[in-house]
Amino acid sequence: MSLLVIKDPVHHDYREFISKAFNADAGAVDVYIVDSIRHAPALNRVLTTYYQQLRHLANHAGKGHDFSINVWFNQPKHFNAQNYSDVRAVEGEDIGTFDSSVKRYSNTSSSGIDHESNGPEFGSFVCSAVGGTFDYLHDGHKILLSLARFLCSKRLIVGITGPKLLQNKKHAEFLQSYAERERSVVHFLQKLSWDSCPYEIFEINDVCGPTGYVRNIDALVVSGETRSGGDYVNKVRREHGFPQLEVVVIDVVGENVDNSTWEGKISSTTIRASLASRV
């Protein structure tokens, strides 16, 4: 497994470094961000940029959807790199407590891909929520979960769609079981390592899931494609006399995504279609 270490992606552009240091033969690639990120819009842009670039590189190298990519941020200062056989970083950058075996690569770009801007800060909400099918947990799911975890200070609610709502999904016969999908979500959340915000998993068996019956939720994280779902949840909450949720919208990940049709996005449906084509 390969680890790419970058220091400050809010104010510096590391795409040249990522292109040079990406190692498709490693089996999996993680990115570790040294400096903390404060605002959700900046984190959204950083995660979207690097997940998208890394997936493009993996696809170009002939890797499938199961080639693991993760971007870790706001982690403990003494990040454990012992599980990585290959650690790579930018020449001249102080990346903290990594040993001398780190391989260094040049990165001539200096300006950031996005500057930190106004918007919700790290831990802005007592309780945040996110929901989805989370079938074949992919990069878009990871960004959703990352932002939801970033925003909460005390409690994270994750809704996972139950089987009865999935009967009409395309290629439903290739859907992972609820237990498999839950395990993938829990495994990813555990690696984010923020003990201050424990998470709870709910099975979704109606349109709103827990956001329709849990009163004390402050924010809901959705993708651009499902923005209208956030509006519907707030309508239902108004009818119940519940407080309105701050709806935080994240970018949709994929190759040349069309924001009117969402063509080109990474999706579980596409993964299932690929699996079906092999039968």
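Contact here means heavy atoms within 4.5 Å, and helices (H or I, at least four residues) and strands (E, at least two) are DSSP runs numbered from the N terminus. The model is predicted, so local features need pLDDT of at least 70 and side-chain atom pairs count only at pLDDT 80 or more, while totals for chains, interfaces and linings use all residues. Residues are numbered from 1 along each chain as its sequence is written, and side-chain values use heavy atoms, with hydrogens and water left out.

Ala40, Leu43, Asn44, Leu47, Thr48, Tyr51 and Arg55 of helix 2 meet Asp139, Lys142, Ile143, Ser146, Leu147, Phe150 and Leu151 of helix 3. Eight residues of this contact are nonpolar, three polar and three charged (Ala, Val, Leu, Ile, Met, Phe, Trp, Tyr, Cys and Pro count as nonpolar, Asp, Glu, Lys and Arg as charged, the others, Gly among them, as polar).

Five strands form an open sheet in the order 8-7-6-9-10, with parallel pairing (two strands pair if DSSP finds at least two bridges between them). Strand 8 (199-204) and strand 10 (246-250) stand at the edges with a single partner strand each, so one side of each lacks a neighbour in the sheet. Strand 6 is joined to the parallel strand 9 (residues 219-223) by three bridges, and valine 130 has valine 221 in strand 9 as its bridge partner.

Finally, glycine 119 sits in the loop between strand 5 (103-105) and strand 6 (125-132). Leaving aside residues up to four places away in sequence, glycine 119 touches His39 and Pro41.
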